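Please have the model open beside you as you read.

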Amino acid sequence: MGGGLRLEERELVERARRGDADAYGELVGRYAEIAFRTAYLIVRSAAEAEDAAQDGFVKAYIAMPRFRPEAPFRPWLLRIVANEARNRRRAGGRRQGLALRAASAGTEADPSASPEAALEAAENRARLLHAIEGLREEERLAVSLRYFLDLSEAESATVLGWPRGTVKSRLSRALGHLRERFRAEGGADG
Amino acid sequence: MAEQRPAGDDLERALSDLAPRLAYPPTPDARAAVRARLGDGQRRGRVARWSGRRVVFAVAVLLLAAALAALALPGARAAVAEWLDLPGVAVRSTPRDPVPAAIPAGSGLVLGEAQSLAEARAAVLFRVRTPAALGAPDTVYVSPTPPGGLVTLVYKPRRELPEAAETGVGLLLLQFRGALLPQFIQKGLGPGARLTPVQVEGERGWWISGAPHSVIFQDADGRTGDDPARLAANTLLWARDGITYRLETALELAEALQIVASLR
């Protein structure tokens, strides 16, 4: 993200802090996807995630006067969304797992790979995803935010409300469990 | 497994490789929905009956009494009278520490009836506005006594609405056609309470803050009483299109104005 984009976002944030709902709408548009996906990773239901993200955006708007403009906006916003998602998780209901997009020809990383190799790679991915879904909740969240949403450790700490050391240790334990599991199964390295 | 690279690298690579291949549900259009809630309409959700502490309201015109000592400005009375040119609101000075004559509890007070928002809209002669940013109110009180009616929206404390220690609620919004009201509530501003003129919805308004202030009522016969259960938190007071609004909250002015901006 270049300096120019950050400057523009700071301006939008400042206008939203002063009650410019249209400026805030612009921010919502930019963050809608990551907010929804953050909520989805936590609550595992598309309907609940939609509500959590929407309510999170509304609450963030009201709380904007309390947002320190020099702080990064994204983790602050996603923390509010994550809290909404966590509240909904307690409410229960149908929980879905993440699925993998069906591989289609030409989208594989190595187009020259044999069909067998491509199939094996797809199977390994499915097993890895299944293993992640089977992790303890905090470890699953640590891995998901770091590797699926590409949030930094500091951002994950803010979003999840954990100390940074806790993010680090849960991430490390998660990776350890995954490695063990795949070593036992004969390796995921394709 | 001699030529294996350290498992960590492979695993982390595999995880990063997995990320773009995840089939999330499609992202809903949050922008339209959020924008609509901030600018229009109601949030879906239940209107919960609030069975907490009962809050008693004196009904009708708000009368703001500014303690001249608190203002500490020469010629303040005239200035304040001009500023407080709100329908149904008159300015009266009060002693530094207002001590009202005691009168029997309940006398002169009218408890509004708790109703649904739809019933409240049908019961009063003005258009009831609600803050879209807060969703549906938890309880709605209506008093038919002032001509045209008075509606009070009550919001329970919640994350974005800290509990006002004085009233036990998250936020109150009263609205009524001020000019027609025969009774009034009088607010006594003791020392420590600040009165700040502020623009609200393009109109002149007032922000009262800094100290819990007692709500003193005076009925049409001129009797005054103090509701001991009734202290007011921060209050935003303004009028627009002939309707007087009073918003009570533990929030600060900027946040209160954000909520007002979502009134529809």
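**Ground rules.** I worked from a predicted model, where local features need pLDDT of at least 70, side-chain atom pairs count only at pLDDT 80 or more, and totals for chains, interfaces and linings use all residues. Residues are numbered from 1 along each chain as its sequence is written, chains are lettered from A and ligands numbered from 1 in the order in which they are written, and side-chain values use heavy atoms, with hydrogens and water left out.

**Confidence.** I noted ipTM 0.87 and pTM 0.52 for the model. Helices here are DSSP runs of H or I with at least four residues, strands are runs of E with at least two, and both are numbered from the N terminus. Over residues 40–111 of chain B, pLDDT stays under 50.

**Two helices in chain A.** I checked how helix α5 (residues 115–133) of chain A packs on helix α6 (residues 137–148) of chain A, and got an angle of about 135° with axes 9 Å apart. Axes are lines fitted to C-alpha atoms, for helices over the stretch in contact, and angles run from 0 to 180 degrees between N-to-C directions. Angles under 35 degrees count as roughly parallel, over 145 as roughly antiparallel, 65 to 115 as roughly perpendicular and the rest as oblique, so α5(A) and α6(A) are oblique to each other. Leu129(A), Ile132(A) and Glu133(A) from α5(A) meet Arg140(A), Val143(A) and Phe148(A) from α6(A), with contact meaning heavy atoms within 4.5 Å.

**Largest cavity.** Which residues line the largest cavity? I listed Ala32(A), Phe36(A), Ala49(A), Glu50(A), Ala53(A), Gln54(A), Thr27(B), Pro28(B) and Ala30(B). A cavity is a set of points on a 1 Å grid over the protein atoms alone where a 1.4 Å probe fits but cannot get out, and lining residues have an atom within 4 Å of a point. The largest share of this lining, 4 residues, comes from α3(A).

**Gln199(B).** I placed Gln199(B) in strand β8 (residues 194–200) of chain B. Leaving out residues up to four places away in sequence, Gln199(B) touches Arg204(B) and Leu257(B). Gln199(B) and Leu257(B) are 58 residues apart in sequence, and their C-alpha atoms are 9.4 Å apart.

Key
On a 1 Å grid over the protein atoms alone, a cavity is a set of points where a 1.4 Å probe fits but cannot get out, and a pocket is an open set with protein on both sides within 12 Å along at least five of seven lines; lining residues have an atom within 4 Å of a point. pLDDT is the predictor's confidence in each residue, from 0 to 100.
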